[in-house]
Amino acid sequence: MFCLDNVCETHNNFKRAEVKLNAMPWFHGKIRREEAECLLQPREDGLFLVRESTNFPGDYTLCVCYKNKVEHYRVIYKDNKLTIDEEEFFENLSQLVEHYQKDADGLCTRLRDSVPKRGGLEFSVDSKAFEKAGWVIPLADLDFGDCREVLGKGEFGDVRLAWYRGQKVAVKILIDSSKAAQSFLAEASLMTSLRHKNLVQLMGVVFDGGTICLVTEYMAKGSLVDYLRSRGRLHVTPRDQINFAIDTCAGMAYLESKHVVHRDLAARNVLISEECVAKVCDFGLAREESFNLEGGKFPIKWTAPEALKYHRFSNKSDMWSFGILLWEIYSFGRVPYPRIPLVDVVKHVEKGYKMEAPDGCPSEIYEIMRQAWDLDPEARPSFAVVLKKLESFLKKFQASANFHTSV
Ligand code: AMP
């Protein structure tokens, strides 16, 4: 879990605390009206749950027991806020539930006990939590200059370059903040609790009307996969390769020590700084260990078989992805499983097929890939162990390089 100690830090002369997510045990996701009614037993007044609306995708339904019946209230999005009666508006479901737990305020009854969802929980987060913790940056403090250079396109919107207090920063902009806002803020809240030289650092969050921006340190050399492809064998040295592997592994070992699972580790989600340090980014899918991702999009070639099949994500499934990432580093950014059509990859992998070592890949590194691709997650090594192996490989490599230059 990532409810870490309340880490306070001094940055730009103000103290900032970790932003915590609110658990929503009463949120059951996409279940039908009939299923909700089955779950709401015994029919005690005020027993409730919230589900995603099946008739109106994107909206929610609050289901409440009253006088032995279940009332279904439609929760709609309006002007980036949630409302039932178009009188009271809320930033997220947690705030809405909290309000109606205090007072019926027009509902048939006040909300009392909830039916908790079994399995993976959902979380919510609100902008005030960021403000209180000192993570909010005023939009006026960001200077986009004239060119408004687009660094890339992400799941939520453009990533742009800007200046903030004399420093270049990357600004992820979410334009339509209504639906995606919760996942975007969840990504940001997770980032407030993590600090490591091999993780892309969050600097703050901007709230401006309907627009939300996530401000992170600027990574001048772009994504690792683009770096490897554009420079190739001629410019990326064996020393660079081992450094990228160690940097990424150190960032992941830190996440492992915090019990945070990344779930989308790949060379496209590692960025390179001006000084050529590799840092893991894109915590969009990083969640508490028990999370299960229903209906998500999986990057099939990077995802461990048990995660694809049973949604069992763990630090060990991240280790599988790390093995693929190592293969990307040593093949200079090739797409994994070349020549195997995407639809056949899972079939092959489940039978125990493993990619061959890329040309020129040291045997010690290939051995790590093979261990990472063990079908049994428990048999895969931890990031802490792989980090030690990579570091001792680097020492050996340096010693032999010194030997070659001194003879
Ligand atoms: P993401 O939304 O994190 O997947 O980012 C999409 C793309 O934007 C990445 O592949 C990078 O090319 C670029 N990008 C994201 N974050 C940064 C950053 N901090 N510094 C430089 N470029 C970035």
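## Overall make-up

The chain holds eleven helices and 18 strands. The model is a predicted one. The chain has 407 residues, and 51% of them count as buried. Its accessible surface is about 19,900 Å², and carbon and sulfur atoms account for 50% of that area.

Contacts can also be sorted by how far apart the partners sit in the sequence. Among contacts in the chain with a separation of 6 or more, 60% join residues 24 or more positions apart.

## The largest cavity

Rolling a probe the size of a water molecule over the atoms shows where empty space is left. How many cavities of 30 Å³ or more does the count give? The count comes to two. The largest cavity contains about 70 Å³ of space.

Its lining is made up of Ile-300, Lys-301, Thr-303, Pro-305, Leu-308, Trp-320, Tyr-337, Val-345, Val-346, Val-349 and Glu-350. H9 supplies the largest share, with four residues. Sorted by class, the lining of the largest cavity has eight nonpolar residues, one polar residue and two charged residues.

## The second largest cavity

The second largest cavity has a volume of about 40 Å³. The residues that line it are Arg-263, Trp-302, Thr-303, Ala-304, Ala-307, Phe-313, Ser-317, Asp-318 and Ser-321. Thr-303 is found in this lining and also in the lining of the largest cavity. Which helix gives the most to the lining of the second largest cavity? Helix H8 (residues 315-330) does, with three residues. By class, this lining has four nonpolar, three polar and two charged residues.

Ser-317, one of the lining residues of the second largest cavity, lies in helix H8. Is Ser-317 buried or exposed? Ser-317 has a relative accessibility of 2%, so it counts as buried. Leaving aside neighbours within four places in sequence, Ser-317 is in contact with Ala-304, Glu-306, Ala-307, Arg-312 and Arg-380. Of these partners, Ala-304 and Ala-307 also line the second largest cavity.

## Lys-172 and its annotation

The UniProt record, an unreviewed entry, has a "binding site" annotation that covers Lys-172. Lys-172 sits in strand E12, which spans residues 167-174.

Which residues does Lys-172 touch, not counting residues up to four places away in sequence? Lys-172 touches Asp-158, Val-159, Phe-184, Glu-187, Ile-212, Cys-213, Leu-214 and Asp-282.

## Two loop residues

Ser-223 is placed in the loop between strand E14 (211-217) and helix H5 (224-235). The relative accessible area of Ser-223 is 11%, and because this is under 20%, the residue is buried. Not counting residues up to four places away in sequence, Ser-223 touches Ala-267, Arg-268, Val-270, Leu-271 and Ile-272.

Phe-298 is in the loop between strand E18 (287-288) and H7. Phe-298 has 23% relative accessibility and therefore counts as partly exposed. Phe-298 and Leu-308 are ten residues apart along the chain, and their C-alpha atoms are separated by 7.4 Å. Leu-308 is also among the residues that line the largest cavity.

## Backbone details

Where is the cis peptide bond at Pro-42? It runs from Gln-41 to Pro-42, with omega near -15°. Pro-42 is in the loop between helix H1 (33-39) and strand E4 (48-52).

Asp-105 is not a glycine, yet it has a positive phi of about 40°. Asp-105 lies in the loop between helix H2 (93-102) and strand E8 (122-124). With 30% relative accessibility, Asp-105 counts as partly exposed. Phe-332 is not a glycine either, and its phi is positive, at about 60°. Phe-332 lies in the loop between H8 and H9. The relative accessible area of Phe-332 is 12%, so this residue is buried.

Notes
Residues numbered from 1 in each chain as written. Predicted model: local features only at pLDDT ≥ 70, side-chain atom pairs only at ≥ 80, totals over all residues. Heavy atoms only, no water. 1 Å grid on protein atoms, 1.4 Å probe; cavity = no way out; pocket = protein on both sides within 12 Å on 5 of 7 lines; lining within 4 Å. Points joined across faces, edges and corners; volume = space filled by probe spheres on them. Nonpolar A, V, L, I, M, F, W, Y, C, P; charged D, E, K, R; others polar. Buried < 20%, exposed > 50% of the residue type's maximum accessible area, 1.4 Å probe, protein only. Contact = heavy atoms within 4.5 Å. Areas by Shrake-Rupley, 256 points an atom, 1.4 Å probe, with all protein chains shown as cover. UniProt positions renumbered as here; feature names shortened; annotations may be inferred.
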